[in-house]
Amino acid sequence: MSEIIKYSGCFVCGDKNPDGLRICFFTDGDDAVAEYTAEPKFQGFKGIYHGGLVSTLLDEIMAKAVLARRRYAMTVEMNVRFKKAVMVGQKLRLAGRITRERGRVFETEGEIVGEDGEICATATGKYLEASSSMRATLLESLE
């Protein structure tokens with residue numbers, strides 16, 4: 001497996017963002033994968049990881065599936081299904097993949113699996129490959 005490039009200031013993957021999650025993402029050739037432990041500081045209800053952050057993790061793992069192919073894209077649509085509460089302190093496995101590519105649009109799916117092996121949440125998304133000018137802006141984030 002190889003590490004997928006990161007944006008140092010990114011809230012999810014950035015290693016220089018002091019308030020971020022600092023998750024390392026890898027590719028096994030087709031899928032993007034990562035492991036993360038749900039931090040208590042991001043809880044919603046007591047002991048339960050905030051659903052907005054669950055959605056953030058899914059967005060990032062699907063975007064990383066596109067980035068693993070060295071294609072730079074931005075989220076244009078995302079649909080999340082919450083299946084089981086993510087508890088703070090729980091170790092999670094994230095996986096994302098491209099299911100279809102049509103021109104500049106990538107259709108993706110992602111999932112978060114708890115340490116018990118049960119699926120906590122799933123998502124589908126569409127990512128639009130950046131235009132050349134936007135790609136230049138995105139590349140400026142790589143430090």
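Here is a walk through the structure, from the overall fold down to a few residues.

What you have is a predicted model, in which local features need pLDDT of at least 70 and side-chain atom pairs count only at pLDDT 80 or more, while totals for chains, interfaces and linings use all residues. Residues are numbered from 1 along each chain as its sequence is written, and side-chain values use heavy atoms, leaving out hydrogens and water.

Start with the overall layout. The protein has two helices and seven strands, where helices (H or I, at least four residues) and strands (E, at least two) are DSSP runs numbered from the N terminus. Read from that end, the order is β-β-β-α-β-β-β-β-α. The radius of gyration, taken over C-alpha atoms, is 15 Å, close to the 15 Å that the globule rule gives for 143 residues, so the protein is as compact as a globular protein of that length. That rule is 2.2 Å times the number of residues to the power 0.38. Along the principal axes, the C-alpha trace spans about 45 × 30 × 25 Å.

Of the 143 residues, 41% count as buried (under 20% relative accessible area, with exposed over 50% and partly exposed in between, using a 1.4 Å probe and protein chains only). Contact means heavy atoms within 4.5 Å, and of the contacts with a separation of 6 or more, 60% are between residues 24 or more positions apart.

Zoom in on Val12, which sits in the loop between strand 1 (2–3) and strand 2 (26–27). Val12 is buried, at 3% relative accessible area. Beyond its neighbours within four places in sequence, Val12 contacts Leu21, Arg22, Ile23, Phe25, Thr56 and Glu60. Over in helix 1 (residues 51–67) you'll find Ser55, also buried at 18%. Setting aside its own neighbours within four places, Ser55 touches Met78, Val80 and Phe82.

Finally, the rings. The structure holds two aromatic pairs, meaning rings of Phe, Tyr and Trp (its six-membered ring) with centres within 6.5 Å; planes under 30 degrees apart are stacked, over 60 edge-to-face and the rest tilted. One of them joins Phe11 and Phe42, whose ring centres are 6.0 Å apart with planes at 85°, so the pair is edge-to-face. Phe11 lies in the loop between strand 1 and strand 2 and Phe42 in the loop between strand 3 (32–37) and helix 1, so the pair ties together parts 31 residues apart in sequence. Phe11 is partly exposed at 31%, whereas Phe42 is buried at 15%.
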